[in-house]
Amino acid sequence: MTAPSEPIAASKERTRFWRAPMLDSLPLRISVLVICFLWTLPTAGLFISSFRNPQLITQTGWWTALIHPFDQGWTLQNYQQVIGSNGMGEAFLNSLIVTIPATVIPITIAAFAAYAFAWIPFRGRGILFIIVVALLVVPLQMALIPVLQLYSGLGLYGTFVGVWLAHTAFGLPLAIFLLYNFMSQLPRDLFESAAIDGASAFQTFTRIVLPLSIPALGAFAIFQFLWVWNDLLVALVFLGPGADVRVMPTALFNLLGAYGGAWHLLTAGAFLTMIVPLVVFLALQRAFVRGILAGSVK
Amino acid sequence: MAVERTQGSGSYGTSRTVLVVSLIGLVLAAIGISILIDKQGGQKLLASVYDLFGNSAGAEALRNGQGDQFFAKLLLVAIALFVGVGGIWLLFTGVSALVERLRPALRDRLLPLVFIAPAVVLLGIYLVYPAVRTIIGSFQDENGAFTLANWASLATPPFLEILRNNVLWLVIGTSGSVGLGLLTAALFDRIRRESLAKIFVFTPLAISLVGATVIWKFVYAWQPASQPQFGLLNAIWTGLPFGFQPIPWATQFPINLPSEMLILIWLQTGFAMVVFSAAIKGVSSEIIEAARLDGANERQLFRKVIVPMIRGTIVTVTTTVAIVTLKIFDIVMSVSGGRNHDDVVAVRMFAEMFQFFNDGRAAALATVLFIAVLPVMIVNLRNFRRQAAM
């Protein structure tokens with residue numbers, strides 16, 4: 001695996017030698033401020049514009065709204081329009097229907113598999129795990145044509161169940177790999193004492209392994225949640241553009257194609273797609289960073 | 001090690017209840033799946049509920065695609081969550097409870113299979129079989145006969161342009177993200193409010209590539225010179241005291257290529273920064289102190305000590321970002337669909353599948369991506385074997 005070889009989270013032991021000489025010198029502070037400003041500017045422009053009067057958006061730059069904040073005709077109508085007549089509201093619900101199961105299912109399946117790989121000997125264990133490692137980097141493009149053919153035969157095209165299973169399978173290699181790395185580090189004594197207490201393999205898993213693995217499970221959950229919520233390709237291929245099933249990225253993508261110049265709709269629509277991932281991300285940032293550091297190969 | 005259950009332990013009692021409950025749950029989940037697969041499942045179910053309570057007018061409206069569509073949708077959300085979240089747990093719980101009632105010898109052989117079977121089956125159906133099928137398909141024409149035409153067509157000018165674009169994405173997109181990630185990690189490491197500053201660069205990572213493309217298309221927006229520029233970049237560009245004409249950054253070749261790549265770099269820099277930042281903090285302070293005692297200045301310290309020390313991490317991050325750039329799809333698809341000499345492999349593959357209905361060529365394009373990541377796969381396997389050997 002391409003896991004970093006340096007000790008990565010040794011921050012507790014760190015001293016400030018590396019920082020000391022230039023700590024908060026003025027040029028450094030200014031360059032950091034400039035970087036943060038530049039990185040935020042595009043999103044800020046989008047956010048501000050989404051509340052502006054539709055005619056004004058394409059007549060004056062959004063920054064003029066900051067200079068003259070009171071004659072802008074601020075409005076929520078862009079949001080109303082894009083949620084209602086452009087189907088962003090339904091797309092939001094569809095995104096929930098797709099994303100939550102497509103996060104829970106792979107984690108559950110991967111957790112059971114990782115536990116078996118780490119702690120229960122069975123025939124073919126080694127070779128199966130090597131296949132999992134090999135699948136880590138296989139581009140999902142390799143799966144699209146055959147799975148689509150399979151789906152049109154089974155009637156799974158354009159169904160939520162179909163897209164859950166696809167996302168589950170595509171997320172599994174990374175999930176199994178990360179959880180295996182974590183679970184195989186659990187102390188052996190735990191399993192021995194559980195066996196002495198008469199716990200079955202299933203009980204050992206649900207009562208001991210699972211609670212102890214929460215950090216790893218949480219990290220992968222955020223990873224997979226953001227991945228599925230933001231995904232366009234799998235949604236386009238397996239769900240298609242139909243209004244009853246399309247998810248938010250597809251809806252926004254359609255908006256770009258159909259109303260490429262309707263910036264009042266695009267800005268509001270884009271911001272709507274971002275709300276959930278931004279909240280999840282900012283609330284659970286630490287767990288997400290842990291997940292990234294544990295191994296990011298997707 | 002095998003987790004053995006001691007004979008005659010008292011925990012059998014719960015097992016039967018668990019078994020019955022989860023079997024009932026599984027039947028419900030199966031019904032839920034049938035509702036979810038039906039295109040009008042939500043409406044039909046709500047209509048039946050209305051019928052049950054004598055509200056035949058409401059039921060009729062729903063069946064005609066009117067009435068309480070929103071409630072039908074919410075019902076569907078509830079069913080989806082029950083099936084998707086509960087169903088998978090019921091499946092494992094039920095089957096495990098069933099297997100645990102068997103003879104111990106048989107049970108211990110079957111239980112690991114229960115645990116890994118879903119993963120193995122899904123990986124087989126969704127990744128292993130399709131990968132083999134796609135490689136074979138790239139050598140077949142639409143009748144299934146052997147042909148090299150799909151691969152030969154990749155050597156024609158339109159496809160060479162696509163491959164060139166992918167190489168540019170690979171080189172510029174990757175080096176841009178990795179370079180800026182390293183720069184920001186090194187700079188931010190030396191200020192007091194480090195974690196606050198990081199949030200600004202890191203947050204775009206939460207945004208979808210389609211959303212990011214909308215953000216940047218707005219920055220790149222172009223208007224004829226006679227009209228006011230509401231796109232930030234053109235407003236600055238035409239505002240400079242050189243009399244520049246506005247440029248259609250996102251749509252005019254060749255400037256559209258770096259414009260599109262900048263979207264990805266903007267997004268991926270945060271990822272690189274976070275990983276590098278953690279690695280820099282892992283460099284031992286004794287080494288840094290020693291270098292400083294030897295008279296190294298800050299720039300030398302960074303280039304000659306820090307960078308070599310975190311080389312493994314740099315390789316990891318570069319590989320990860322490189323794989324993302326190889327498969328780049330959303331940005332090009334959302335900016336132009338690849339119509340302005342900016343087409344890439346993944347976008348063209350999508351077009352071959354859904355516009356030109358040429359699955360053979362689409363398979364060849366997918367296989368190109370597969371071949372490109374093969375070296376990474378081999379290195380991964382080799383590293384894993386070395387780890388496993390220890």
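Q: Where is B:His341 found?
A: B:His341 sits in the loop between helix H15 (330–335) and helix H16 (345–354) of chain B. Helices are DSSP runs of H or I with at least four residues, strands are runs of E with at least two, and both are numbered from the N terminus.

Q: How do the numbers and letters work here?
A: Residues count from 1 along each chain as its sequence is written, while chains are lettered from A and ligands numbered from 1 in the order in which they are written. The model is predicted: local features need pLDDT of at least 70, side-chain atom pairs count only at pLDDT 80 or more, and totals for chains, interfaces and linings use all residues. pLDDT is the predictor's confidence in each residue, from 0 to 100.

Q: Back to B:His341. What is its phi?
A: Phi is positive, about 55 degrees, although B:His341 is not a glycine.

Q: How many C-beta neighbours does B:His341 have inside 10 Å?
A: B:His341 has 16, so it counts as partly exposed. (Buried needs 20 or more other C-beta atoms within 10 Å, exposed means 12 or fewer, and partly exposed is in between; C-beta atoms are placed from the backbone.)

Q: Which loop holds B:Phe357?
A: B:Phe357 is in the loop between H16 and helix H17 (359–389) of chain B. Its phi is positive too, near 50 degrees, and B:Phe357 is not a glycine either.

Q: Is B:Phe357 buried or exposed?
A: Exposed, because B:Phe357 has 10 C-beta neighbours inside 10 Å.

Q: What about the peptide bond from B:Phe253 to B:Pro254?
A: That bond is cis, with omega near 0 degrees. B:Pro254 lies in the loop between helix H10 (232–239) and helix H11 (256–282) of chain B.

Q: What's the mean pLDDT of chain B?
A: The mean is 88, and 95% of the residues of chain B reach 70 or more.

Q: Where does pLDDT stay under 50 in chain B?
A: Over residues 1–13. Where pLDDT is low, the predicted coordinates should not be read in detail.

Q: What does A:Ile105 touch?
A: A:Ile105 is found in H5 of chain A. Leaving aside neighbours within four places in sequence, A:Ile105 is in contact with A:Trp164, A:Thr168, B:Gly84 and B:Ile88. A:Ile105 and A:Thr168 are 63 residues apart along the chain, yet their C-alpha atoms are separated by 6.4 Å.

Q: Is A:Ile105 buried or exposed?
A: Buried, because 27 other C-beta atoms lie within 10 Å.

Q: How many helices and strands are in chain A?
A: Chain A has 15 helices and 0 strands. Of its 298 residues, 53% count as buried.

Q: How does H13(A) pass H9(B)?
A: H13(A) makes a left-handed crossing with H9(B). (That is when the near helix is turned anticlockwise from the far one by less than a right angle; clockwise is right-handed.) The contact is made by A:Pro249, A:Leu252, A:Phe253 and A:Leu256 on one helix and B:Val210, B:Gly211 and B:Val214 on the other.

Note on methods. Two residues are in contact if their C-beta atoms, placed from the backbone, lie within 7 Å.
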